[in-house]
Amino acid sequence: MIYRFDFLIIGGGVAGMTYALKVANSCKGKIALICKTTLDEANTARAQGGIAAVTNLKVDNFEKHIQDTMIAGDYISDIKAVEHVVRNAPAAINDLIKWGVNFDKKEDGSFDLHREGGHSEFRILHHADDTGFEIQRGLMDTVRNHPNITVFENHYAVEIITQHHLGVLVTRKTPDVECYGAYILDPDTRKIDTFLSKVTLMATGGTGAVYATTSNPNISTGDGIAMVYRAKGTVKDMEFVQFHPTVLFNPVETHPAFLITEAMRGYGGILRLPNGEEFMQKYDKRLSLAPRDIVARAIDREMKIHGLNYVCLDVTHKNSEETKKHFPHIYEKCLNIGVDITKDYIPVCPSAHYMCGGIQVDLNGESSIHRLYAVGECSCTGLHGGNRLASNSLIEAVVYAKSAAEHSLSVIDQYHFNANVPEWNDEGTMTNEEKILIAQDEREVGQIMSNYVGIVRSDLRLNRAWKRLDILYEETEQLFKRIKPTSDICELRNMINVAYLITRHAIERKESRGLHYTIDYPKHAYDVQEKTPMIDID
């Protein structure tokens with residue numbers, strides 16, 4: 001079947017839905033929003049801590065937020081992207097509120113702001129400890145009720161359509177590659193439909209599922225990044241994988257891991273060894289509020305030194321009622337495994353959390369492929385640089401979705417549907433009876449990435465990962481050509497593509513910088529403000 005939509009949005013998180021709402025009132029045409037599961041399962045809904053914006057002008061300002069972002073990003077961040085997000089953040093917050101999102105406030109009506117690692121001021125807006133869920137809820141209600149938006153849940157994007165599908169040889173040196181839509185798998189018919197579009201937006205989220213342990217949902221398989229890379233689009237900074245320092249250590253649950261928000265450390269939580277000993281003073285003067293890359297490596301080192309599976313986060317010294325009020329979901333979750341956070345230490349360990357790299361875009365959110373935009377975690381705007389500052393991701397998604405919407409609306413009248421695009425051809429393929437191969441290969445990808453391309457890396461580990469991924473790639477491509485596409489084989493292809501990109505970019509960076517730390521090119525961890533050398537984390 002062939003569909004025609006003026007705007008095709010692939011991904012149903014905060015980025016995709018914000019863009020949809022921004023273009024929906026333009027009278028510029030119809031909008032299709034493709035969601036691989038359901039709207040409420042997007043990674044956005046799992047964001048606990050909050051969303052960063054300068055709103056308390058009595059003590060905070062844009063320059064402070066910009067500087068905090070540059071420091072956290074190890075000065076790799078694009079200053080234009082940083083200024084773009086920070087200065088447009090307050091307006092983005094107003095948009096969210098207009099769409100029905102609620103943020104916690106104090107009795108005087110001002111926002112109840114949190115502070116998180118790397119932030120010099122209290123500037124994190126939140127809704128208890130389920131901010132992402134609240135944002136997703138507000139946007140979902142608005143999107144579902146908008147007459148110009150058609151939501152296709154449980155549909156899977158297989159490939160974006162370019163000149164390649166018209167018989168043209170497309171390479172990374174081909175000028176003017178264009179996107180004409182995407183091939184989408186319909187779960188009911190088990191057929192791949194052709195979705196033609198004038199403008200396509202990639203908003204497919206992150207890549208955490210390529211690791212054995214992650215805070216991301218299982219659907220975070222890097223689909224958008226992989227599709228754009230295969231279409232010869234530019235992908236950047238994939239070596240910068242952020243590991244959240246504190247997810248709940250629970251041997252019974254491994255994928256996804258339950259996140260213990262950074263706001264808990266901003267609230268006064270202290271990182272300790274199980275015997276009660278503090279350790280962050282050995283690594284950074286900001287202690288438990290140091291940026292995530294420093295904290296994650298410190299925890300990783302302490303676990304290796306002492307032979308531990310976890311360290312502890314301590315909030316037992318805080319008022320118990322306040323703790324339960326601020327972190328109700330964390331309190332209930334920990335109680336379920338026998339941990340009362342008002343009395344007991346919380347067992348935590350690092351886990352793959354956020355991709356700072358992705359599809360390279362400009363300030364308009366436009367990729368290197370014409371008519372194709374990318375917003376949210378699948379994109380690389382330059383904001384995060386070598387390491388994302390806590391709670392900058394949700395605000396980046398909203399700001400860039402607005403920029404992408406404004407730009408695409410200004411140019412869409414120049415574009416037309418490409419009627420020459422052929423339908424998907426699966427003639428000669430067969431139904432897959434080898435599900436066990438896909439399941440085993442997915443587990444192997446996770447083990448390779450966690451063991452060899454994790455928090456601390458080396459040339460030996462990276463090259464070993466490269467060789468094993470190459471074997472998996474060849475086997476999977478052969479299987480993909482033989483069978484009718486299903487979501488699981490497509491996800492495996494994407495996971496291997498993304499794992500390859502992370503590994504290759506890590507091999508190419510011959511230094512330790514931001515989230516990429518290698519023992520072959522070590523450097524001292526520095527306190528950026530005073531340049532005081534701290535312990536080398538190897």
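Helix H11 (residues 435-452) and helix H12 pack at an angle of about 165°, and their axes lie 10 Å apart. The model is predicted: local features need pLDDT of at least 70 and side-chain atom pairs count only at pLDDT 80 or more, while totals for chains, interfaces and linings use all residues. Residues are numbered from 1 along each chain as its sequence is written, and side-chain values use heavy atoms, with hydrogens and water left out.

**H11 and H12**

- H11 and H12 are therefore roughly antiparallel to each other; angles under 35 degrees count as roughly parallel, over 145 as roughly antiparallel, 65 to 115 as roughly perpendicular and the rest as oblique.
- Axes are lines fitted to C-alpha atoms, for helices over the stretch in contact, and angles run from 0 to 180 degrees between N-to-C directions.
- Helices (H or I, at least four residues) and strands (E, at least two) are DSSP runs, numbered from the N terminus.
- The crossing of H11 with H12 is left-handed; a crossing is left-handed if the near helix is turned anticlockwise from the far one by less than a right angle, and right-handed if clockwise.
- On the H11 side, the contact (heavy atoms within 4.5 Å) is made by Ile438, Asp441, Glu444, Val445, Ile448, Met449, Asn451 and Tyr452.
- On the H12 side, the residues of this contact include Arg461, Leu462, Arg464, Ala465 and Arg468.
- The contact of H11 with H12 holds 10 nonpolar, two polar and six charged residues; Ala, Val, Leu, Ile, Met, Phe, Trp, Tyr, Cys and Pro count as nonpolar, Asp, Glu, Lys and Arg as charged, and the others, Gly among them, as polar.

**Contacts of H3**

- Helix H2 (residues 62-72) packs with helix H3 (residues 79-98) at an angle of about 135°, with the axes 10 Å apart.
- H2 and H3 are therefore oblique to each other, and their crossing is right-handed.
- Phe62, Glu63, His65, Ile66, Thr69 and Met70 of H2 make the contact with Ile79, Val82, Glu83, Val86, Arg87 and Pro90 of H3.
- Seven nonpolar, two polar and three charged residues make up the contact of H2 with H3.
- The axes of H3 and helix H10 (residues 392-411) cross at roughly 90° and come within 8 Å.
- H3 and H10 are therefore roughly perpendicular to each other.
- Among the residues that meet here are Ala81, His84 and Val85 in H3 and Ile395, Glu396 and Val398 in H10.
- The contact of H3 with H10 has 10 nonpolar, three polar and three charged residues.

**Cavities**

- The whole structure has two cavities of 30 Å³ or more; on a 1 Å grid over the protein atoms alone, a cavity is a set of points where a 1.4 Å probe fits but cannot get out, and lining residues have an atom within 4 Å of a point.
- The largest cavity holds about 50 Å³ of space; grid points are joined across faces, edges and corners, and a volume is the space filled by probe spheres set on the points.
- Val241, Phe243, Arg292, Asp293, Ala296, Arg297, Ile455 and Leu515 line the largest cavity.
- Helix H7 gives the most to this lining, with four residues.
- The lining of the largest cavity has five nonpolar, no polar and three charged residues.
- The second largest cavity has a volume of about 40 Å³.
- Its lining includes Asp459, Leu462, Ala506 and Tyr521, and helix H12 (459-482) and helix H13 (487-508) each supply at least two lining residues.
- Four nonpolar, two polar and three charged residues line the second largest cavity.

How values were computed:
On a 1 Å grid over the protein atoms alone, a cavity is a set of points where a 1.4 Å probe fits but cannot get out, and a pocket is an open set with protein on both sides within 12 Å along at least five of seven lines; lining residues have an atom within 4 Å of a point.
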